[in-house]
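I opened this notebook to record what I looked up in one chain. The sequence and structure come first.

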Amino acid sequence: MTHIKSPLALEFAGFWRRFGAFIIDDIIISIISSAFVPVHWFEIPVFWNIDSLSGIWWLAAPVIAFTNVLSLSVLVAYFVFFWYWRGQTPGMMVAQIKVIQTDGSGVSLGISFIRFLGLILASLPLGLGLFWIVCDRRKQGWHDKMANTVVVKLPKPPEITAPQAT
């Protein structure tokens, strides 16, 4: 007898679950970025206090630009790598959600990069592209629409009970 597997009906992940996952990812990224680029390594005084720099504030500009580029590189690598590798960032793993393409397949490297660029664009108009998740039928933000992806809740694994001894 042949058993036909029925497709799983996946539920789209909502705004708050996705936001919680992002907060976890943001904490991890902050730790990684600060480990690679601690400003005190360069012995730069607080750069927004111009008086403390005694007129040489422009000397800090290349270091600040370098640290910003390095931090952005960490951010891009983190999201693109995890979306491509597992369809989940560590925050998404905790929240039990996953990024997939709308046809149910995994996310390619190119799609991951497009999704990241879309995430930046969705954030620009006061986060409107991210809040779009709340009102969208498939809970897609603008970045999901650009990359043709959805974020779904992972089904809970079935409970396995030990056989009862008689």
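How many helices and strands are there in the chain? I found six helices and two strands, taking helices (H or I, at least four residues) and strands (E, at least two) as DSSP runs numbered from the N terminus. Along the sequence they follow the pattern α-α-α-β-α-α-α-β.

I noted the basis of the values. This is a predicted model, in which local features need pLDDT of at least 70 and side-chain atom pairs count only at pLDDT 80 or more, while totals for chains, interfaces and linings use all residues. Residues are numbered from 1 along each chain as its sequence is written, and side-chain values use heavy atoms, with hydrogens and water left out.

Next I looked up the surface. The accessible surface of the chain is about 11,400 Å², and 69% of this belongs to carbon and sulfur atoms; the areas come from the Shrake-Rupley method with a 1.4 Å probe. Of the 166 residues, 31% count as buried, meaning under 20% relative accessible area.

I then turned to contacts (heavy atoms within 4.5 Å). Of those with a separation of 6 or more, 67% join residues 24 or more positions apart.

Is glycine 91 buried or exposed? Glycine 91 counts as buried because its relative accessibility is 0%. It lies in helix α3, residues 90-95. Beyond its neighbours within four places in sequence, glycine 91 is in contact with Ala21, Ile24, Asp25 and Tyr78.

Conventions
Buried < 20%, exposed > 50% of the residue type's maximum accessible area, 1.4 Å probe, protein only.
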